[in-house]
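Student: I've got a model open and want to go through it with you. Can we start with the overall picture and then work down to single residues?

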Amino acid sequence: AGYNWLRFLNEFHLGGCLADDMGLGKTVQTLALLQAEKEKGSAGTSLLIMPTSLIYNWEMEASKFTPELKILTYTGTQRNKDVGRFANYDLVITSYGITRLDIESLQHFYFNYVILDESQVIKNPTSFIAKAVMQLKSRFKVTLTGTPLENTTLDLWSQMTFINPGLLGTQTFFKNEYQVPIEKRSDDLKAKKLNSIIKPFILRRLKSQVATELPEKMENIYYTNMTPEQEQKYEEVKSFYRHRILELIERDGLNNSRFTVLEGLNKLRQISNHPRMVEPQYKDGSGKLEDVSHMLDNAILEGHKLLIFSQFVKHLDIVREMIDERKIPFAYLDGSSTDRKEQVDRFNKDERVKVFLISIKAGGLGLNLTEADYVFILDPWWNPAVEQQAIDRAHRIGQKKKVFTYKFITRNSVEEKILQLQRHKLKLSENLITTEESIIKALTREDIEMLMS
């Protein structure tokens, strides 16, 4: 239905906002539309703009669902700024930051589609980025967002003006005609009128509406990028341990080096999450924390309840600090908690408590958290069975909602390599409970070199 709606807009040359709830496949619907355009044969090049952190995820999804699309990722400080070469591609993927910087040249290319992902980014019409995207030229425009309205009706004006210029009049007209009456005077008639104008151009489906069509649980991998400072820290520790481990293996043999292997891998895993876990005085940020915080905001805005699992209590502490700063009420459980029942009851019964932070060891068993419909797994480890147990805290009898899982993986880190090993090497069968120890024992020298590369 979403795809058909996008085709309908295409046919009548209208812009639209696909505002489906988080996790309902806005990416896939958009890629299907772009594939159909390619198959028409004369469509030309489309531009897809998004926050930097989502670029890799879009690349992965496109290679999976639309491998025939020729894609150019237009990013990086060394990028070739000749927009003429865009004509050789079906799709150009870039970030809001690059669009703002390169608008002078981008505005000279006539695109087929300009698509904004997480389009609430342009909600402030006076911001540089909103002004920049308004200058782009294309046949069609589409925006994608799970949260079309974050704060004020003006958020809506900005996004609507991008997809269908003039539909809601000038900003001053909109303010006097709709924003002030609706926000200041709660004018129902004005709200209904505004709704009837924008309704044909926004498609919003909630998880609850399409529940019967969704699989029981949907598992997603969310790739995050390290910040430059985090990456520097990671490389330092990696080269230190790599050197030390390979030397040890040469001298004492593989079996006698396993403790150091485990120590090195754990350090790298912690830095992939946040360098502060290894170095408390570290002052800079973490790519993963930024992405988790963004996804958390979206889920809460959409009214979902979520479980956040980590292997490390230190990691939960960092996330907890971030949630505290935002004054978001949460429940908390780790191995040392003595009030398990109270925390579970709070989360299940208190409407305001949307987040439950849980250490995997403490929360792997015996909890029934069917109020949650999102599960974030912050750091993967060898044994997928342990992760499944965590997911099943929410996905169990009594759960009436569909459960979405997001596993956060830091790119170019040991986390991504653990995933590769899980897929190709370990092939852990579901009934085979493997301990950490037995997995470390099973690693060959080649595996260790790959993990430390």
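Tutor: Among contacts in the chain between residues at least 6 apart in sequence, 76% join residues at least 24 apart; contact means heavy atoms within 4.5 Å. This is a predicted model, in which local features need pLDDT of at least 70 and side-chain atom pairs count only at pLDDT 80 or more, while totals for chains, interfaces and linings use all residues. Residues are numbered from 1 along each chain as its sequence is written, and side-chain values use heavy atoms, with hydrogens and water left out.

Student: How many helices and strands are in the chain?

Tutor: The chain has 18 helices and 13 strands. Helices (H or I, at least four residues) and strands (E, at least two) are DSSP runs, numbered from the N terminus.

Student: And what percentage of the residues count as buried?

Tutor: Of the 453 residues, 54% count as buried. Buried means under 20% relative accessible area, exposed over 50%, and partly exposed in between, with a 1.4 Å probe and protein chains only.

Student: Sheets next. What is the order of the 7 strands in the open sheet?

Tutor: The order is S3-S4-S2-S5-S6-S1-S7, with parallel pairing. Two strands pair if DSSP finds at least two bridges between them.

Student: Why is one side of S3 and of S7 left without a neighbour?

Tutor: S3 (71-73) and S7 (202-203) stand at the edges and each has a single partner strand, so one side of each has no neighbour in the sheet. Further in, S5 (residues 110-117) and S6 (residues 137-144) pair in the parallel sense over 7 bridges, and Val-114 stands opposite Lys-141 in S6.

Student: Which helices pack there?

Tutor: Among them is H6 (residues 153-163), which touches S1, S5, S6 and S7, its direction making about 145° with that of S6. H2 (residues 26-40) lies across S1, S2, S4, S5 and S6, running at about 175° to S5. Axes are lines fitted to C-alpha atoms, for helices over the stretch in contact, and angles run from 0 to 180 degrees between N-to-C directions.

Student: What about the sheet of 6 strands, what order is that in?

Tutor: That open sheet runs S8-S13-S12-S9-S11-S10, and the pairing is parallel. S8 (217-224) and S10 are the edge strands, each pairing on one side only. The twist averages 20° from one strand to the next.

Student: Which strands pair with S11?

Tutor: S9 (residues 306-310) pairs with S11 in the parallel sense over 5 bridges, and 4 bridges join S10 (residues 330-333) to S11, also running parallel. Leu-307 stands opposite Phe-356 in S11, Ser-310 opposite Ser-359, and Ala-331 opposite Phe-356.

Student: Is S11 buried or exposed?

Tutor: S11 (residues 355-359) has 5 of its 5 residues buried. Val-355, Leu-357 and Ser-359 are on one side, with Phe-356 and Ile-358 on the other. In a regular strand the side chains alternate between the two faces of the sheet.

Student: What does H13 touch?

Tutor: H13 (residues 340-349) packs on the sheet, touching S9, S10 and S11. S10, H13 and S11 make a right-handed β-α-β unit: with the strands pointing away from the viewer, the path from the first strand over the helix to the second runs clockwise.

Student: Now the core. Which residues have the most contacts inside the largest one?

Tutor: Ile-308, Ile-323, Val-355, Leu-357, Phe-376 and Tyr-406, in a nonpolar core of 51 residues. A nonpolar core is a set of buried Ala, Val, Leu, Ile, Met, Phe, Trp, Tyr and Cys residues joined through side-chain atoms within 4.5 Å. A second, separate core of 37 residues includes Ala-19, Tyr-74, Val-83 and Val-114.

Student: Switching to His-315: buried or exposed?

Tutor: His-315 is buried, with a relative accessible area of 2%. His-315 is in H12, and, not counting residues up to four places away in sequence, touches Asn-273, Met-277, Lys-288, Ser-310, Leu-378 and Asp-379.

Student: Last one. Which residues other than glycine have a positive phi?

Tutor: Lys-327 is one of them, with phi near 60°; Lys-327 lies in the loop between H12 (313-325) and S10 and is exposed at 73% relative accessibility. Asn-412 also has a positive phi, about 55°. Asn-412 lies in the loop between S13 (403-410) and H16 (414-426), and is partly exposed at 48%.
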